[in-house]
Amino acid sequence: MQRSTLKAWFLVHKWTSLVCTLFLLLLCLTGLPLVFWEEISHLTGADPEVAPAAAGARPANIDALVAKALAQYPGDVPLFFGWDDHSPSVYVNTGARPDTPPPEMHTAVLHQYSGELLPAAQFNEGVMYFVYRLHTDLFLGLPGMLFLGAMALLFATAIVSGLVLYGPFMRKLPFGTLRTGRSRRLAWLDLHNVLGVVTLGWALVVGITGAINTLAGPLESAWQSEQLGEFAARYQDRPRPQRLASLDAAVATARAAEPGMTPAFVSFPGTGYSGDHHYGVFMHGNTPLTERLYRPVLIDAQTGELTAQPQLPGYMSLLLLSQPLHFGDYGSMPLKILWALLDLLTIAVLVSGLTLWFKRGSTEARLREIERAGVDENGRAEGRA
Amino acid sequence: MSRPRAPRSPFVAPAWIALASLVGLVSALVGDGVFDVLSWLVFAALIGLTAWAWLRRDRGR
């Protein structure tokens with residue numbers, strides 16, 4: 001590699017890393033508890049254990065469950081109804097108006113069979129929600145999300161440029177070289193290289209899927225205006241229905257329309273997920289892959305009739321598949337633990353990178369270090385401490 | 001007379017590691033059971049690789 005090319009890559013790596021490192025440290029630190037959000041919620045009682053359904057019991061009527069939830073929050077309108085795939089519980093989100101944003105929503109959790117209200121905490125309160133907001137948008141909404149998305153892209157660039165520099169540095173050294181007994185700088189550099197390469201593929205995927213996730217809002221808006229707009233146009237001059245058809249019947253219609261799938265959640269008219277005139281019953285499969293790929297079934301909220309079963313566009317499928325790849329919540333507890341360990345290794349990569357920057361010399365000296373692969377003619381480390 | 005070996009590219013190990021990571025990431029996503037186990041093994045191996053490098057570190061002065 002020519003010296004000018006090497007210098008360009010070195011500067012790319014240096015500046016992309018420097019700009020994103022502090023934010024990446026924040027994301028890694030806040031991401032650690034988020035991997036175990038479900039378990040922490042169970043342990044702290046925020047997400048109570050739900051008694052199994054009695055033998056032969058039938059699920060309660062969904063309209064009755066929604067009415068019970070609304071009775072908890074007088075004046076609210078229903079926004080979303082959802083099923084928990086891992087326990088016989090359901091949730092109902094309500095709010096002051098149909099377009100209530102998530103931070104202002106109320107949530108009622110009920111037993112799907114007995115209809116009993118369960119003592120669950122609000123999803124948008126507490127320490128874990130604080131950590132979640134810090135991780136996703138820095139409490140700044142869409143601008144915060146897009147900013148963190150940009151940091152994730154810088155991180156991906158730093159990984160790629162770091163790999164380019166790894167080549168000339170390691171050309172005379174065997175893989176996994178860790179020289180801790182020579183200069184401190186060399187020890188940190190070797191550690192940075194080893195950990196960087198071990199976490200390479202994982203960190204790249206988690207970084208890129210994180211950046212994709214920050215586009216969730218704009219992608220959902222695009223989907224709504226592009227695809228749902230087509231169906232909504234048929235209802236253009238009609239006011240939003242005041243009296244809604246039975247949701248229980250609407251879900252039964254959606255089940256019949258997609259027999260191989262189960263309902264994941266329902267959006268009420270006006271929430272932005274299904275236009276102003278439809279229940280959007282979002283069906284999903286039961287494998288780790290298909291449970292992420294929703295199939296919306298639009299039911300006319302006034303008549304209860306099936307309107308359409310639109311296919312999710314490719315960019316929405318990409319968004320939905322990037323979520324588990326970012327959160328690591330799809331391979332049971334062992335994968336979550338390994339995810340957390342890789343997160344810790346990434347923190348070590350960031351800390352070692354920062355340490356190297358603090359112990360920096362001139363760009364020329366660093367380029368010589370890479371060109372000489374960190375060893376002198378006798379195989380000894382350059383720059384003894 | 002043995003033929004001199006061509007120097008191995010320093011990118012060989014990172015390429016294998018990245019490929020294995022991709023297999024681990026996708027494996028648990030496409031199925032449960034054996035697919036989950038494959039994913040756990042891949043990522044446990046990555047952690048093990050770090051431990052291996054640390055254990056054989058050169059402390060010589």
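The chat below goes through the annotated spans, nonpolar cores and chain interface of a predicted model.

Q: What are the ground rules for this model?
A: In this predicted model, local features need pLDDT of at least 70 and side-chain atom pairs count only at pLDDT 80 or more, while totals for chains, interfaces and linings use all residues. Residues are numbered from 1 along each chain as its sequence is written, chains are lettered from A and ligands numbered from 1 in the order in which they are written, and side-chain values use heavy atoms, with hydrogens and water left out.

Q: Which residues of chain A does UniProt list as "transmembrane region"?
A: The unreviewed UniProt entry lists residues 138–166 and 337–358. Such annotations may be inferred rather than shown by experiment.

Q: And how much of each span is helix?
A: Residues 138–166 of chain A are 86% helix, with end C-alpha atoms 33 Å apart. Residues 337–358 of chain A are 100% helix, with end C-alpha atoms 32 Å apart. Helices here are DSSP runs (H or I, at least four residues), numbered from the N terminus.

Q: What about chain B, which residues there?
A: The annotation, again from an unreviewed UniProt entry, covers residues 38–55 of chain B. That span is 100% helix and its end C-alpha atoms lie 25 Å apart.

Q: Switching to packing. Which residues touch the most other members of the largest nonpolar core?
A: A:Phe155, A:Trp202, A:Tyr330, A:Trp339, B:Leu25 and B:Phe43, in a core of 49 residues. A nonpolar core is a set of buried Ala, Val, Leu, Ile, Met, Phe, Trp, Tyr and Cys residues joined through side-chain atoms within 4.5 Å, where buried means under 20% relative accessible area (1.4 Å probe, protein chains only).

Q: Which helix gives the most to it?
A: H11(A), with 11 residues.

Q: What is B:Phe43 in contact with?
A: Leaving aside neighbours within four places in sequence, B:Phe43 is in contact (heavy atoms within 4.5 Å) with residues of both chains, including A:Trp202, A:Leu338 and B:Leu25.

Q: How much area do the two chains bury?
A: About 3,000 Å² between them, 73% of it on carbon and sulfur atoms. That is the accessible area (1.4 Å probe) lost on putting the two parts together, summed over both. In residues, 38 of chain A are in contact with 33 of chain B.

Q: How many salt bridges between chain A and chain B?
A: The count is 1. A:Arg182 and B:Asp58 form a salt bridge at 3.0 Å, N to O; the criterion is a side-chain nitrogen of Lys or Arg within 4 Å of a carboxyl oxygen of Asp or Glu.

Terms used. Helices (H or I, at least four residues) and strands (E, at least two) are DSSP runs, numbered from the N terminus. Buried means under 20% relative accessible area, exposed over 50%, partly exposed in between (1.4 Å probe, protein chains only).
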